[in-house]
Amino acid sequence: MAKNVGGSGSAIKKAINTIRSFSIGLATTFKHLYRPRVTMQYPEEKWVPYPRFRGLHQLRRYHDGLEMCIGCSLCEAACPSDAIFVEPAENPPDDPKSPGERYAKTYTINMLRCIFCGFCVEACPTTAIVMTGEYELANYDREDFIYTKDRLLVASPEDNAPLSPLESV
Ligand code: SF4
Ligand code: SF4
C-alpha cells in the first residue's frame with residue numbers, strides 16, 4: 001500500500017497561503033476605507049481643471065472688440081493632426097475685423113482630430129487662440145465636433161479666457 005507522503009503537510013501549507021492571501025486582501029480594503037474618495041458624482045459634481053489643462057479652444061478678442069486672429073494660418077501649419085482649417089481674407093477697410101491686413105474668414109477645428117497638444121496655441125503670434133478648461137465635449141453627431149468660428153470666437157472681450165500660466169510668461 002502506497003504511503004500518503006506529505007499529504008497533511010501540503011494541506012496545511014495550502015491553508016496558510018489561503019489565509020495569507022485573504023489577510024492581504026482585507027488589509028488593502030481596510031487601508032483604503034478611510035482615505036478620501038477619488039470618485040465624484042458626475043455630472044452633479046464637476047471636476048475643476050488645473051490651470052494648465054488643455055480643453056476646448058477659444059478665439060479671443062482685443063479690448064476694442066476686434067478679433068485677435070489675423071488669419072496667418074500658423075496654427076494650421078503647426079497642428080500635427082491636421083485639425084485646423086483657416087481661410088484668410090483681406091480686412092474690409094470700412095469694417096475691419098482684426099487689426100491686421102487680414103482676418104480669418106473661416107476658422108474651423110475638427111475636435112475629432114485634435115489631440116490637445118497645444119501646438120496651435122504656441123504657434124499663434126497674437127495669443128488669439130487659447131485652450132480653455134472646457135472638457136465636456138461629448139456629443140452624438142460627428143458634425144457637432146466641427147467647431148466653426150462662430151462657436152470658437154468669444155462674443156465680447158469680457159468673455160476672453162485667461163492665458164495659461166505658460167503663455168503669459
Ligand atoms: S491642440 Fe494640437 S491637435 Fe488640437 S488643434 Fe491645436 S495643434 Fe491641432
Ligand atoms: S489663431 Fe493665431 S496662428 Fe491661427 S490664424 Fe489666427 S492669428 Fe494665426
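Is Asp 82 buried or exposed? Asp 82 counts as exposed, with 9 C-beta neighbours inside 10 Å. A residue is buried if 20 or more other C-beta atoms lie within 10 Å of its own, exposed if 12 or fewer, and partly exposed in between, with C-beta atoms placed from the backbone.

The model is predicted: local features need pLDDT of at least 70 and side-chain atom pairs count only at pLDDT 80 or more, while totals for chains, interfaces and linings use all residues. Residues are numbered from 1 along each chain as its sequence is written, and chains are lettered from A and ligands numbered from 1 in the order in which they are written.

The chain has four helices and five strands. Helices (H or I, at least four residues) and strands (E, at least two) are DSSP runs, numbered from the N terminus. Along the sequence the pattern is α-β-α-β-β-α-β-β-α. The radius of gyration is 28 Å, well over the 15 Å that the globule rule gives for 169 residues, so the chain is more spread out than a compact globule. That radius is taken over C-alpha atoms, and the rule is 2.2 Å times the number of residues to the power 0.38. Along the principal axes, the C-alpha atoms fill a box of roughly 110 × 35 × 35 Å. Of the 169 residues, 18% count as buried. Two residues are in contact if their C-beta atoms, placed from the backbone, lie within 7 Å. Among contacts between residues at least 6 apart in sequence, 73% join residues at least 24 apart.

Three strands form an open sheet in the order E2-E3-E5, with antiparallel pairing. Its edge strands are E2 (84-90) and E5 (146-147), each of which pairs on one side only. Two strands pair if DSSP finds at least two bridges between them. Strands of a sheet pair through backbone hydrogen bonds, either parallel or antiparallel. Seven bridges link E2 and E3 in the antiparallel sense. Ile 84 stands opposite Ile 109 in E3. Val 86 has Tyr 107 of E3 as its bridge partner. E3 and E5 also run antiparallel, joined by two bridges. Here Asn 110 stands opposite Ile 146 in E5.

The largest nonpolar core has 21 residues. Such a core is a set of buried Ala, Val, Leu, Ile, Met, Phe, Trp, Tyr and Cys residues joined through C-beta atoms within 7 Å. Cys 69, Cys 120 and Ile 129 have the most contacts inside this core. Strand E3 (102-110), helix H3 (119-123) and strand E4 (129-131) are the elements that give two or more residues to it. E3 gives the most, with four residues. In soluble globular proteins, nonpolar side chains tend to be buried together. Beyond its neighbours within four places in sequence, Cys 120 is in contact with Cys 75, Ala 78, Cys 79, Ile 84 and Ile 129.

Cys 120 is also among the residues that come nearest to ligand 1, together with Cys 79, Cys 114, Cys 117 and Phe 119. A residue is near a molecule if its C-beta atom, placed from the backbone, lies within 6 Å of it. This shell divides into twelve nonpolar, two polar and no charged residues. For these classes, Ala, Val, Leu, Ile, Met, Phe, Trp, Tyr, Cys and Pro count as nonpolar, Asp, Glu, Lys and Arg as charged, and the others, Gly among them, as polar. Ligand 2 has 14 residues around it; the closest are Cys 69, Cys 72, Leu 74, Cys 75 and Cys 124. Its shell has eleven nonpolar, three polar and no charged residues.

Most residues other than glycine have a negative phi, and most peptide bonds are trans. Asp 82 lies in the loop between helix H2 (74-78) and E2, and its phi is positive, near 60°. Thr 127, in the loop between H3 and E4, has a positive phi near 50°. Thr 127 counts as partly exposed, with 14 C-beta neighbours inside 10 Å. The peptide bond from Tyr 42 to Pro 43 is cis, with omega near 5°. Pro 43 is found in the loop between helix H1 (7-33) and strand E1 (57-59).

Ser 164 is located in the segment after helix H4 (149-152). Ser 164 is partly exposed, with 19 other C-beta atoms within 10 Å. Not counting residues up to four places away in sequence, it touches Pro 51, Arg 52 and Val 130. Ser 164 and Phe 53 are 111 residues apart along the chain, and their C-alpha atoms are separated by 8.3 Å.
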